[in-house]
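Please work through the exercises below with the structure in view, trying each task before reading its solution.

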Amino acid sequence: MTIKVGVIMGSKSDWSTMEHCIQILEKLGIAHEARVVSAHRTPDLLFEYAEQAADRGIEVIIAGAGGAAHLPGMCAAKTHLPVLGVPVQSSMLSGVDSLLSIVQMPAGIPTGTLAIGKAGAVNAALLAASILANKYPDIRTALIEYRKQQTETVLASPDPRSIAN
């Protein structure tokens with residue numbers, strides 16, 4: 001099975017956010033890989049990863065980073081593939097610094113920017129699935145089923161007092 005989505009993150013500490021992305025990709029049956037690729041500590045590895053991703057069959061890259069969060073933008077600068085940036089919540093500014101670093105890419109280097117933290121990681125996986133669903137009927141079917149189950153879950157418990165968190 002060819003890997004279709006590359007999930008990269010700036011450090012192991014980003015895993016607590018990015019694991020939510022992986023869980024959704026697995027639930028949808030999308031072949032993926034997860035790697036630590038730091039824009040600051042391993043820039044040559046980042047460039048190599050981004051430049052070779054398409055040749056390896058990757059069609060979408062999801063990049064999670066915190067703090068200065070240069071990983072998604074630098075990755076986008078080195079590939080023609082869609083890059084989806086996930087701002088990881090930082091301890092200093094609660095991820096707002098990460099969000100602003102990713103969302104402020106200059107014209108000509110598009111980088112999709114998702115929400116801070118878990119919601120962004122989940123939505124990055126779903127957005128990657130939506131991109132791939134245009135080409136792969138099995139992914140389209142899995143995505144439609146996921147969305148249908150989401151709807152059914154909400155409709156099954158319309159009274160918020162009956163939901164146990």
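**Exercise 1.** Find how much space lies in the largest pocket, and which residues lie nearest its centre.

*Solution.* The largest pocket holds about 190 Å³ of space, where a pocket is, on a 1 Å grid over the protein atoms alone, an open set of points where a 1.4 Å probe fits, with protein on both sides within 12 Å along at least five of seven lines. Its lining counts 18 residues (those with an atom within 4 Å of a point), and Gly10, Asp14, Arg41, Ala65 and Gly66 lie nearest the centre. By class, six of the lining residues are nonpolar, ten polar and two charged.

The model is predicted, so that local features need pLDDT of at least 70 and side-chain atom pairs pLDDT 80 or more, while totals for chains, interfaces and linings use all residues. Residues are numbered from 1 along each chain as its sequence is written, and side-chain values use heavy atoms, without hydrogens and water.

**Exercise 2.** Describe how helix H1 packs against H5.

*Solution.* Begin with the axes: those of H1 (residues 15–27) and H5 are 7 Å apart, at an angle of about 30°. H1 is therefore roughly parallel to H5, a term for angles under 35 degrees. Next, the contact (heavy atoms within 4.5 Å) involves residues including Met18, Cys21 and Ile24 of H1 and Ala121, Val122 and Leu126 of H5. Finally, the residues of this contact comprise eight nonpolar, two polar and one charged.

Terms used
Points joined across faces, edges and corners; volume = space filled by probe spheres on them. Nonpolar A, V, L, I, M, F, W, Y, C, P; charged D, E, K, R; others polar. Axes fitted to C-alpha atoms, helices over the stretch in contact; angles between N-to-C directions. Helix = DSSP H or I, 4+ residues; strand = E, 2+ residues; numbered from the N terminus. Parallel < 35°, antiparallel > 145°, perpendicular 65-115°, else oblique.
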